[in-house]
Amino acid sequence: MWIVVAVLSALFAGLTAVLSKGGNEKANSDVVIALRISVIFVCSWIIVFAMGAYKAIATMSANALISIILSGISTGACWICYFKALSIGDASKVAAVDKSSVALSVLLAIIIFPDERSLWWIKLICLVVIIIGTALMTDIKRDDGKRKIAWLIFALLSAVFSTATSLLGKIGTQDVDSNAATALRTCVILVMAWLIVFCKRETKYIKELKGKEIFFLILSGITTTANWFCYYYAIQKGQVSIVVPIDKMSILVTVIFSLIFLNEKLSVKAWIGLALLSAGTICMAVFT
């Protein structure tokens with residue numbers, strides 16, 4: 001069941017990247033993030049109250065709450081870096097670099113969690129294939145100047161924080177309702193996002209948002225909500241070393257939609273990279 005949910009997480013994550021690019025090209029990235037997390041906050045708590053999962057919050061241990069807060073902080077940092085990278089780089093390339101978090105997540109999961117060590121050698125072989133595919137997909141040489149350095153740095157930081165989020169989402173929350181935990185994370189991220197907007201005095205950019213940007217913002221907020229609920233459920237119930245690579249298969253959805261709707265182009269090398277990345281992920285999910 002958790003593998004199916006992980007696949008759904010990948011689908012929603014891929015849609016989120018494209019929708020975010022569509023509504024984030026000209027708008028202030030900090031304001032867009034703050035408004036998007038506001039949408040997610042509302043959607044998350046509606047789901048939690050509708051399912052009655054809010055009752056689990058009162059029984060959470062201190063360790064679980066600390067893990068949720070820390071994972072919320074790392075998720076917020078990941079978002080800030082990811083959407084900043086999206087605002088200045090191609091969606092397909094940013095998504096590919098962000099997916100490099102797979103390597104760190106899988107390696108650390110094998111080291112930290114005993115149940116992740118089954119068939120570890122197959123996981124490492126698949127991981128090498130995924131890393132090679134990711135490197136080919138980024139195709140960094142096609143960019144030049146400050147733009148190359150900027151989007152790449154933000155995308156790499158996003159990958160690091162994404163790794164922290166995956167591990168913190170597992171540590172200390174195995175016996176916690178995943179839906180309630182996800183809703184609590186949105187509270188932490190909401191505070192972070194709006195603090196940044198107010199501290200940088202960027203509230204003036206809210207009124208500059210156009211109808212198209214607001215439309216994509218709301219849609220991406222909804223798809224992100226679906227992605228988070230699926231992802232953290234799969235992380236809690238399954239193996240991090242398998243869930244994370246499956247979730248990162250969202251790159252397929254991102255590439256397909258970016259080619260169709262954003263008119264982005266992929267080189268032959270990037271297509272080969274995508275094939276290797278996909279093959280490595282599928283083999284890891286099937287054979288381990």
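Predicted model: local features only at pLDDT ≥ 70, side-chain atom pairs only at ≥ 80, totals over all residues.
The protein chain contains 12 helices and 0 strands. Followed along the sequence, the pattern is therefore α-α-α-α-α-α-α-α-α-α-α-α.

The overall dimensions come next. Along the principal axes, the C-alpha atoms fill a box of roughly 50 × 50 × 30 Å. For 288 residues, a compact globule would have a radius of gyration near 19 Å, and the 18 Å of the protein chain agrees with this. Of the 288 residues, 55% are buried.

Now to the aromatic side chains. A pair of aromatic rings is described by two values, the distance of the centres and the angle of the planes. The model has 6 aromatic pairs. One of them is formed by Tyr-231 and Tyr-232, with 5.4 Å from centre to centre and 75° between the planes. This pair counts as edge-to-face because its angle is over 60 degrees.

Are these two tyrosines buried or exposed? Tyr-231 has a relative accessible area of 7%, and Tyr-232 has 4%. Buried means under 20%, so Tyr-231 is buried, and so is Tyr-232. The ring of Tyr-232 also has a charged neighbour: the charged end of Arg-185 sits over this ring, 3.8 Å from its centre.

Definitions and conventions. Residues numbered from 1 in each chain as written. Heavy atoms only, no water. Phe/Tyr/Trp six-rings, centres within 6.5 Å; stacked < 30°, edge-to-face > 60°. Buried < 20%, exposed > 50% of the residue type's maximum accessible area, 1.4 Å probe, protein only. Lys NZ or Arg CZ within 6 Å of the ring centre and 35° of its normal. Helix = DSSP H or I, 4+ residues; strand = E, 2+ residues; numbered from the N terminus. Rg over C-alpha atoms; globule rule 2.2 N^0.38 Å.
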